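Reader: Please show me the sequence and the structure, and then let us work through some questions one at a time.

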Amino acid sequence: MALPSLAAFPLRTNPLISDTLALLSEYLPSPSPLFGAVDRAVPIPIKQLVAEEPLNRIFAAAIADGEFDEFEGRRIRLELNGGQPGITFGFWAGRLRVLEGPGEATIRGSLSSFKTLAERQQDPDQLFFQRRLVLEGDTELGLGLKNLLDSLEWNLNIRQLLFF
């Protein structure tokens, strides 16, 4: 007797799975404290090793076209609500770099809001107007980055995040 494949059970339409996930997301504690502890324990050179190359691969065409040139020497921080974890990055000498410390502008939101933004499931302006993402500091810099990312044709996939 052959077992049915996983494709026979679409996750999003299976009420048992969708109800269980909704229940878990409602009552499980936020993973932010755990992420924050990991973030504080990982030294900046490791973060640079893990994050810089994939970022530069994802945005290689835009970097080559000079789209990031106006951000030369600037620092922008992305943070989960509560401040941890977060990543500060900048653009120097034709590369996106992971940096230590605060940014001139900070974009803060929930993990699900950043996921929605990265997967382009919702208009970025809506995320800001709904206060799911908050911009602090140099708003002109933050809006410039938001507009740049919104104008680019990029697709986030797991292969670009890995080292091959």
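Reader: What is the relative accessible area of Asp125?

Author: This is a predicted model, in which local features need pLDDT of at least 70 and side-chain atom pairs count only at pLDDT 80 or more, while totals for chains, interfaces and linings use all residues. Residues are numbered from 1 along each chain as its sequence is written, and side-chain values use heavy atoms, with hydrogens and water left out. A residue is buried under 20% relative accessible area, exposed over 50% and partly exposed in between, with a 1.4 Å probe and protein chains only. Asp125 is partly exposed because its relative accessible area is 29%.

Reader: With which residue does Asp125 form a salt bridge?

Author: A salt bridge is a side-chain nitrogen of Lys or Arg within 4 Å of a carboxyl oxygen of Asp or Glu, and here the closest N and O atoms are 2.6 Å apart. The pair links distant parts of the chain, since Asp125 lies in helix α6 and its partner, 21 residues apart from it, in helix α7. That partner is buried, with a relative accessible area of 9%, and it is Lys146.

Reader: With which side chain does that of Arg108 meet in a salt bridge?

Author: The N to O distance in this pair is 2.6 Å. Arg108 lies in strand β4 and its partner in strand β1, so the pair ties together parts that are 29 residues apart in sequence. The partner counts as buried, at 10% relative accessibility, and it is Glu79.

Reader: How far apart are the closest N and O atoms in the salt bridge between Asp138 and Arg74?

Author: Asp138 is partly exposed, with a relative accessible area of 27%, and Arg74 counts as partly exposed too, at 26%. In their salt bridge, the closest N and O atoms are 2.6 Å apart. Asp138 lies in the loop between β5 and α7 and Arg74 in the loop between α4 (60-64) and β1, so this pair at 2.6 Å ties together parts whose separation in sequence is 64 residues.

Reader: How far apart are the end C-alpha atoms of helix α7?

Author: Helices (H or I, at least four residues) and strands (E, at least two) are DSSP runs, numbered from the N terminus. The expected span is 1.5 Å times one less than the number of residues, so the 13 residues of α7 (residues 139-151) should span 18 Å. The model agrees with this, because the end C-alpha atoms are apart by 18 Å.

Reader: Which residues of α7 are buried?

Author: What covers them includes β1 (75-80), β2 (86-92), β4 (105-109), α6 (124-129) and β5 (133-137). The buried residues of α7 are Leu141, Gly142, Leu145, Lys146 and Leu148.

Methods. Contact means heavy atoms within 4.5 Å.
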